[in-house]
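Thanks for coming. I have one structure to walk through today, so please look at the screen.

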Amino acid sequence: MANGEREVGGDAPAGGFVQLLTPDGERVDSVTTADGTTYTVDFTDDEYRELYRDLVTVRRLDAEATALQRQGELGIWASLLGQEAAQVGSGRALRPQDMAFPTYREHGVLYCRGIDPIMPFGLFRGVDQGGWDPNEFKFNTYTIVIGAQTLHATGYAMGITMDGKTGNADGEAVIAYFGDGATSQGDVNEAFVWSGVFNAPIVFFCQNNQYAISEPLERQTRIPLYRRALGYGFPGVRIDGNDVLASYAVTRAALDQARNGQGPTLIEAYTYRMGAHTSSDDPTRYRIASEVEAWKAKDPIIRVRTYLEAQGTDADFFADVDAHAAREAVSLRERVLSMPDPDPLVMFDHVYPEGSPELDAQRETFAAYMSTFEGGH
Ligand SMILES: Cc1ncc(C[n+]2csc(CCOP(=O)(O)OP(=O)(O)O)c2C)c(N)n1
Ligand SMILES: [Mg+2]
């Protein structure tokens, strides 16, 4: 590669990463990074199995959503395929009081937050504007504007510090998700500056899935993304983004540092977008099949299954997980199909809290137009 840092299809990228479970399902006891931090996990057998259940379930729900889009039931879908470990590991690392700021792809984090997976489907089906109460779920609304949520998250993190909610082991912390492409945005760089200078309690979790739609990573950076953090004055760590254990361990440690008043961390989860950017995209136009094949060997789910099988987990467990995931998918499908179509005039309701004269005039014009159709709509 031009900058020598990215090895598509190789084992680890140049410069290495934190990996606690290899693609072959071998546990690495612990990893100590150059700054002397040691990362490990200490899960019970049941906890390993629960992570596996999460991974399989979020992939199954994602497959159902892709099918729903193909059948014309969703306007668009942004698939998480390949990024399950990054999302489940970091999502499970969050403590209940922590606040998450997602992009439009964090369905796995949403699921691990204990949120009903149906929640973002109004947006993707186009029957609502994708709003919910972020405080109720400790999960901000999906953000399509690339990188914008990192600034919102930074402001939120500075706010909870001012409110005295950080600085101890039970404090609150914030996590902001974004992609490799977003790192080129001004918003993200400003968020890094403000978080660094104000020592904000925030974890920047970058899922480097190697592409920003069709633009490959080498169009975003000349150095590994995690090393950018140094320039802003806080630590950066690269993890194997297809390793749920590394994702959990490093995110948990970074969040705990943040809540204890030790400031931000940038985590670069080195992963791969196995599917299209969204259902509107055709990746065969800009990437070669052998690249996708090479990443299949690093599948985030198979390695956990291999590990569990070696630990003696029986076939009944895996069958039970598949059945559970299928039930969740059927329930999702049924509920998506029964979402009521909104009254077209509802689109004027949530623009301003108190309305506005101009908006009222637009609503009236539109209502008059709609009344020219049979049945009024
Ligand atoms: C400010 C802004 N510019 C452009 C776009 C169009 N856009 C949507 S997704 C995307 C690429 C984002 O890539 P990345 O940050 O790597 O996230 P990924 O989709 O790979 O998860 C772009 C350019 C947008 N939504 N917002
Ligand atoms: Mg990307």
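I will go through the metal site, the ligand, the strands and a few single residues.

First, the ground rules. This is a predicted model, in which local features need pLDDT of at least 70 and side-chain atom pairs count only at pLDDT 80 or more, while totals for chains, interfaces and linings use all residues. Residues are numbered from 1 along each chain as its sequence is written, chains are lettered from A and ligands numbered from 1 in the order in which they are written, and side-chain values use heavy atoms, with hydrogens and water left out.

Start with the metal. Which residues coordinate the magnesium ion, ligand 2? Asp180 through OD, Asn209 through OD1 and Tyr211 through O, at 2.1 Å. Donors here are N, O and S atoms within 2.8 Å of the metal, or 3.2 Å for Na, K and Ca; water is not among the atoms, so sites may look incomplete. Along the chain, the spacing of these donors is D-x28-N-x1-Y. Asn209 is buried, because its relative accessibility is 5%. Tyr211, at 6%, also counts as buried. Buried means under 20% relative accessible area, exposed means over 50%, and partly exposed is in between, with a 1.4 Å probe and protein chains only.

Next, ligand 1. It has 15 residues around it, and Tyr104, Arg105, Gly181, Ala182 and Tyr211 come nearest; a residue belongs to this set if one of its heavy atoms lies within 4 Å of the molecule. By class, that shell has eight nonpolar, five polar and two charged residues. Nonpolar covers Ala, Val, Leu, Ile, Met, Phe, Trp, Tyr, Cys and Pro; charged covers Asp, Glu, Lys and Arg; the others, Gly among them, are polar.

Now the polar contacts, meaning pairs of N or O atoms within 3.5 Å; within protein, one must be able to donate a hydrogen and the other to accept it, and residues adjacent in sequence count only if both atoms are side-chain atoms. The side chain of Arg105 has an N or O atom 2.7 Å from an oxygen of ligand 1. For a polar backbone atom of Tyr211, the distance to a ligand 1 oxygen is 2.9 Å. For an N or O atom in the side chain of His277, it is 3.3 Å. Taken alone, ligand 1 exposes 590 Å², and the protein buries 70% of that. These areas come from the Shrake-Rupley method with a 1.4 Å probe; for residues, only the protein chains shown count as cover.

On to the strands. Helices (H or I, at least four residues) and strands (E, at least two) are DSSP runs, numbered from the N terminus. Why is strand E5, residues 202-208, described as largely enclosed by the rest of the structure? Because seven of its seven residues are buried. Ile202, Phe204, Cys206 and Asn208 point one way, and Val203, Phe205 and Gln207 the other. Strand E4, residues 174-179, runs parallel to E5, with six bridges joining them; pairing takes at least two DSSP bridges. Gly179 stands opposite Gln207.

Last, some single residues. Thr271 sits in the loop between strand E9 (265-270) and helix H10 (289-296), and is buried at 0%. A polar atom of its side chain lies 3.2 Å from the backbone oxygen of Gly82. Ile213, in the loop between strands E6 (211-212) and E7 (215-216), is not a glycine, yet has a positive phi of about 50 degrees. At 42% relative accessibility, Ile213 counts as partly exposed.
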